[in-house]
Amino acid sequence: MDIYGDGIVEELERRVAALLGMEAAAFFPTGTMAQQVALRCWAGRTGNPVVAVHPLSHLEVHERDAYLTVSGLRAAHPTSEPRPPTAEEVLGLDEPFGTLALELPLRDAGFVLPEWDELVAVVEAARERDAVVHFDGARLWECTVHFGRELPEIAGLADSVYVSFYKSLDGISGAALAGPETLVAEARAWRHRYGGQLFQQWPAALAALDGLDRELPRLPSYVAHARMVAQALRTAFTAEGVGWSRVHPEVPHTHQFQVWLPYPAAVLDEAGVRLAEETGTTLFRRWREPGPPGLAATELTVASPALDWTADDVTAAAGAFFARVRELTEGDG
């Protein structure tokens, strides 16, 4: 057990720092806290409170603007396009900024990643603007296949990196902030001030270590299988005569991707429930309508339960799903 972050938590911190090729790492109870602390520390060091960040990033969409309202920072957007920013957009930002925060992958744009040369160019552009670079790497663990690089080389582009222990590694909770020893020491002080110095966190730390041992080596196989699943779904949508559909990205960059279908979210949710109740198969999670009414999207994650599925299994399950959709849209509902 740990007492205020010693013992097993320290072991996890050393493990993460080594995996990412960083000098040190600090465990945080949540990623939201880790991100706030990282950006606050960099703002103090650069003397600039402006953070260049994508408006679809987790910082802005899923953290209630914590870094703005709690830490007093300010956002600038290099682009609003549903993709990572380019080097030209970073160089062309019309005001100085102290930190460039990049989410890898950019979840709400479809778990998308830049190409390796594009990422390197973006980081170099930030350096030209005298800014530091922070990676929101909650899902950085699964990026190695797309980039064709190992974790230390990817993380080494940034000045600091945040990683999650439950989003890809199947842990209970928790996150880590990795970077230079001096930054991590300062982050530990701010972690205490933000209420993150918990008395004991050994269950989360043990689960994170288990995830590093069990799930991290499997992630490349999940990414490869996700590409097969995506192709099988596109085939199924065509076979079922769906008027319009989209799997995005067409070839997934990670083991997660978006699926879009031309039906109300409520119909697709109900079809999924019926499929699960009647066959024991769950194909999709909850659907939402982020755009025009009647056009719904969901996120699909391919992990260990899906590895036994063949392309034929995927198309068969999709066919069964659409049979329930037709029941609902043709008068049964």
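Predicted model: local features only at pLDDT ≥ 70, side-chain atom pairs only at ≥ 80, totals over all residues.

Residues are numbered from 1 along each chain as its sequence is written, and side-chain values use heavy atoms, with hydrogens and water left out.

Start inside. A nonpolar core is a set of buried Ala, Val, Leu, Ile, Met, Phe, Trp, Tyr and Cys residues joined through side-chain atoms within 4.5 Å; buried means under 20% relative accessible area (1.4 Å probe, protein chains only). The largest core has 52 residues, and Leu20, Phe135 and Trp141 touch the most other members. A second, separate core holds 32 residues, including Leu233 and Val325.

Now the helices, which are DSSP runs (H or I, at least four residues) numbered from the N terminus. H2 (residues 31-46) and H9 (residues 181-193) have axes that come within 9 Å and cross at roughly 120°. Axes are lines fitted to C-alpha atoms over the stretch in contact, and angles run from 0 to 180 degrees between N-to-C directions. Contact means heavy atoms within 4.5 Å. Among the H2 residues that meet H9 are Val37 and Trp42.

H12 (residues 265-279) and H13 (residues 311-329) also pack at about 120°, with axes 9 Å apart. That makes H12 oblique to H13. Their contact includes Leu268 and Leu275 of H12, and Phe321 and Val325 of H13.

Conventions: Helix = DSSP H or I, 4+ residues; strand = E, 2+ residues; numbered from the N terminus. Buried < 20%, exposed > 50% of the residue type's maximum accessible area, 1.4 Å probe, protein only. Parallel < 35°, antiparallel > 145°, perpendicular 65-115°, else oblique.
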